Amino acid sequence: MTIGKAIILSAGKGSRLLPLTADRPKCLIEFSGKSLLEWQLDALQGSGIEEVVIVTGFRDDLVDAVAERRQGVRTFFNPFYHVADNLGSVWMVRSEFDRDTLLLNGDTLISTPLLEKVLAGAQAPITVTVDEKEDYDADDMKVLRDGTRLMRIGKALEPGQYNAESIGLLAFKADGPRIFAEQVDRMLRLPDGTRRWYLRAIDALAAETHVHTVSIKGEDWQEVDFPEDLDKARALTARWATGS
């Protein structure tokens, strides 16, 4: 069965991009005539995703306005976005993992061809989308693979303990959505649960179940997290806008 639902995590403020994000969330920064969120929605809907849930927080009213203009798109407000990390956002929408679902970070520019490659390659209950490159920096979400199986994921993996990076796009099929939602619920109950990222749940599951990866090496994408990412995102979306 083809995945027809996606959840986008867009609750954060994006403080590292201040003052650009002083009065709007990071997902509404404009690139080549469209907001980051609109680029995401176009890619998702262009890949056959019919239902999209956007987890909102900071300036949720602005994101609501974008969602209201799109058929099949709705929002889910996370009132705890300023006191919990993104594990909290996933916990808030855990009931939405009720079928085969994509999970996407709200700061990742993706294309329809990239998504189509992920949808075609996501055969395991849980699939993490990865890219491969020569060098990795401290902020990369590093991944250790054995073939396509994911063994570890985390920013603090030591050199030699990783061979790819997560781009912030996951696919859940069959029992995967339930397994993931239950792990998120367990982790948020821990004393430091509100300070954890949802990929810590994936790292924990990798030790006890088959979490796999799909490589999108060669496809264009861009995380928008630091000021230096802005020019890269503008250049990429300018190419997309002109079809080049």
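Of the 32 residues in the largest nonpolar core, the ones touching the most other members are Phe97, Leu103, Phe180, Tyr198 and Ile202. A nonpolar core here is a set of buried Ala, Val, Leu, Ile, Met, Phe, Trp, Tyr and Cys residues joined through side-chain atoms within 4.5 Å. Buried means under 20% relative accessible area, exposed means over 50%, and partly exposed is in between (1.4 Å probe, protein chains only). Two or more residues of this core come from each of strand 1 (5-10), strand 4 (51-56), helix 3 (86-92), strand 8 (126-131), strand 10 (149-154), strand 11 (164-172), helix 5 (176-188) and helix 6 (199-206). These elements are DSSP runs numbered from the N terminus, with helices (H or I) of at least four residues and strands (E) of at least two.

Please keep in mind that this is a predicted model, in which local features need pLDDT of at least 70 and side-chain atom pairs count only at pLDDT 80 or more, while totals for chains, interfaces and linings use all residues. Residues are numbered from 1 along each chain as its sequence is written, and side-chain values use heavy atoms, with hydrogens and water left out.

Leaving aside neighbours within four places in sequence, isoleucine 202 is in contact (heavy atoms within 4.5 Å) with Ile126, Val128, Leu150, Ile153, Leu170, Phe172, Phe180 and Val211. There is also a second, separate core of 30 residues, with Cys27, Leu28, Leu169 and Ala171 among them. In soluble globular proteins, nonpolar side chains tend to be buried together.

Now to the aromatic rings. Rings of Phe, Tyr and Trp (its six-membered ring) pair if their centres lie within 6.5 Å; planes under 30 degrees apart count as stacked, over 60 as edge-to-face and the rest as tilted. The count by this rule is six aromatic pairs. In one of them, tyrosine 136 and tyrosine 162 are edge-to-face, because their ring centres are 5.5 Å apart and their planes stand at 80 degrees. Tyrosine 136 lies in the loop between strand 8 and strand 9 (142-146) and tyrosine 162 in the loop between strand 10 and strand 11, so the pair ties together parts that are 26 residues apart in sequence. Tyrosine 136 is buried at 18% relative accessible area, and tyrosine 162 is buried at 19%.

Phenylalanine 180 and tyrosine 198 also pair edge-to-face, with centres 6.4 Å apart and planes at 80 degrees. Both of these residues are buried. Ring pairs link Phe97, Phe172, Phe180 and Tyr198 into a cluster.

A charge sits over a ring if NZ of Lys or CZ of Arg is within 6 Å of the ring centre and within 35 degrees of the ring normal. Lysine 34 places its charged end over the ring of tryptophan 39, 3.7 Å from the centre. Lysine 142 lies over the face of tyrosine 162, at 5.7 Å from the ring centre.

Salt bridges come next: a side-chain nitrogen of Lys or Arg within 4 Å of a carboxyl oxygen of Asp or Glu. The count by this rule is 24 salt bridges, including these:

| Arginine 99 | Aspartate 98 | 3.0 Å |

Arginine 196 is buried at 13% relative accessibility, whereas aspartate 192 is partly exposed at 23%. Salt bridges that share partners join Lys5, Glu51, Arg74, Glu96, Asp98 and Arg99 into one network.
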